[in-house]
Amino acid sequence: MTDTTTTPETAGTPVEAAKAPHEVTLTSVAAEKVKALLAQEGREDLRLRLAVQPGGCSGLIYQLYFDDRTMDGDAVREFEGVELVVDRMSVPYLAGATVDFADTIEKQGFQIDNPNAAGSCACGDSFH
């Protein structure tokens, strides 16, 4: 028996749990930056993977990287041609999070706004 789930986007259409969507959003600015980085590398086979791992001062750290693999239980959503993958263990920690890209004099890089993060350390690299 296949474990299935439905979401508002797919209401009425069963989706295999291994390919169920997550609740993380990738902004248009971030999607454009990802596409530019992939074009620079000449790779069209990579996806953006966001994960939460134990570590850092506050207990949990984000990992954001390109990956050519999909693993059993991965949740996937596509934003403007960019696949954003979240592993099944990270999904609850990232529900409602937004990945953006900033390029200002104050900061540059991908930013993760996570409503589930109760607090973070002084350096901002980890959360709990």
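A residue counts as buried when its relative accessible area is under 20%, as exposed when that area is over 50%, and as partly exposed in between. By that cut-off Asp87 is buried, because its relative accessible area is 16%. The structure described here is a predicted model.

- Strands of a sheet pair through backbone hydrogen bonds, and the pairing is either parallel or antiparallel.
- Three strands form an open sheet in the order β3-β8-β9, and the pairing in this sheet is mixed. Its edge strands are β3 and β9, each of which pairs on one side only.
- The parallel part joins strand β3 (residues 25-26) to strand β8 (residues 98-103) over two bridges. In this pairing Thr25 stands opposite Thr98 of β8.
- The antiparallel part joins β8 to strand β9 (residues 108-113) over six bridges. Among the facing residues, Asp103 has Gln108 of β9 as its bridge partner, and Ala102 stands opposite Gly109 of β9.
- How many residues lie between β8 and β9 in their hairpin? Four residues lie between these two strands.

- Thr27 lies in the loop between β3 and α1.
- Thr27 counts as buried because its relative accessibility is 19%, and the limit for buried is under 20%.
- The side chain of Thr27 reaches the backbone nitrogen of Ala30 at a distance of 3.1 Å.
- Leaving out residues up to four places away in sequence, Thr27 touches Thr98, Val99, Asp100 and Phe101. These contacts can be set beside the sheet described above, where β8 spans residues 98-103.

**Asp67, in strand β5**

- Asp67 is part of strand β5 (residues 60-67).
- Is Asp67 buried or exposed? Asp67 counts as buried, because its relative accessibility is 5%.
- The side chain of Asp67 is joined to the side chain of Arg49 by a polar contact of 2.7 Å.
- A polar atom of the Asp67 side chain also lies 3.0 Å from the backbone nitrogen of Arg69.
- Not counting residues up to four places away in sequence, Asp67 touches Asp45, Leu46, Arg47 and Arg49.

**Asp87 and Arg88, in the loop between β7 and α2**

- Asp87 is found in the loop between β7 (82-86) and α2 (91-94). Arg88 has its place in the loop between β7 and α2 as well.
- What does the side chain of Asp87 reach? The side chain of Asp87 reaches the backbone nitrogen of Met89 at 3.1 Å.
- With residues up to four places away in sequence left out, Asp87 touches Arg49, Leu50, Ala51, Gly73 and Asp74.
- Asp87 and Ala75 are twelve residues apart in sequence, and their C-alpha atoms are 6.1 Å apart in space.
- Arg88 and Asp74 are 14 residues apart along the chain, and 5.5 Å separates their C-alpha atoms.
- Arg88 touches Asp72 and Gly73, again not counting residues up to four places away in sequence. A polar atom of the Arg88 side chain lies 3.2 Å from the backbone oxygen of Asp72.

- Glu80 is found in the loop between β6 (75-79) and β7.
- The phi angle of Glu80 is near 50 degrees, which is a positive value in a residue other than glycine.
- Glu80 counts as partly exposed because its relative accessibility is 42%, and partly exposed covers the range between the limits for buried and exposed.

**The second largest pocket**

- Rolling a probe the size of a water molecule over the atoms shows where empty space is left.
- The volume of the second largest pocket is about 200 Å³.
- Its lining consists of 13 residues, and those nearest its centre are Leu38, Arg43, Glu44, Leu46 and Gly81.
- Which elements each supply at least two residues of this lining? They are α1 (28-41), β4 (47-54) and β7. The largest share, four residues, comes from α1.
- By type, the lining residues divide into six nonpolar, one polar and six charged.

Definitions and conventions: Residues numbered from 1 in each chain as written. Predicted model: local features only at pLDDT ≥ 70, side-chain atom pairs only at ≥ 80, totals over all residues. Heavy atoms only, no water. Pairing = 2+ DSSP bridges. Buried < 20%, exposed > 50% of the residue type's maximum accessible area, 1.4 Å probe, protein only. Polar contact = N/O pair within 3.5 Å; in protein donor to acceptor, adjacent residues only side chain to side chain. Contact = heavy atoms within 4.5 Å. 1 Å grid on protein atoms, 1.4 Å probe; cavity = no way out; pocket = protein on both sides within 12 Å on 5 of 7 lines; lining within 4 Å. Points joined across faces, edges and corners; volume = space filled by probe spheres on them. Nonpolar A, V, L, I, M, F, W, Y, C, P; charged D, E, K, R; others polar.
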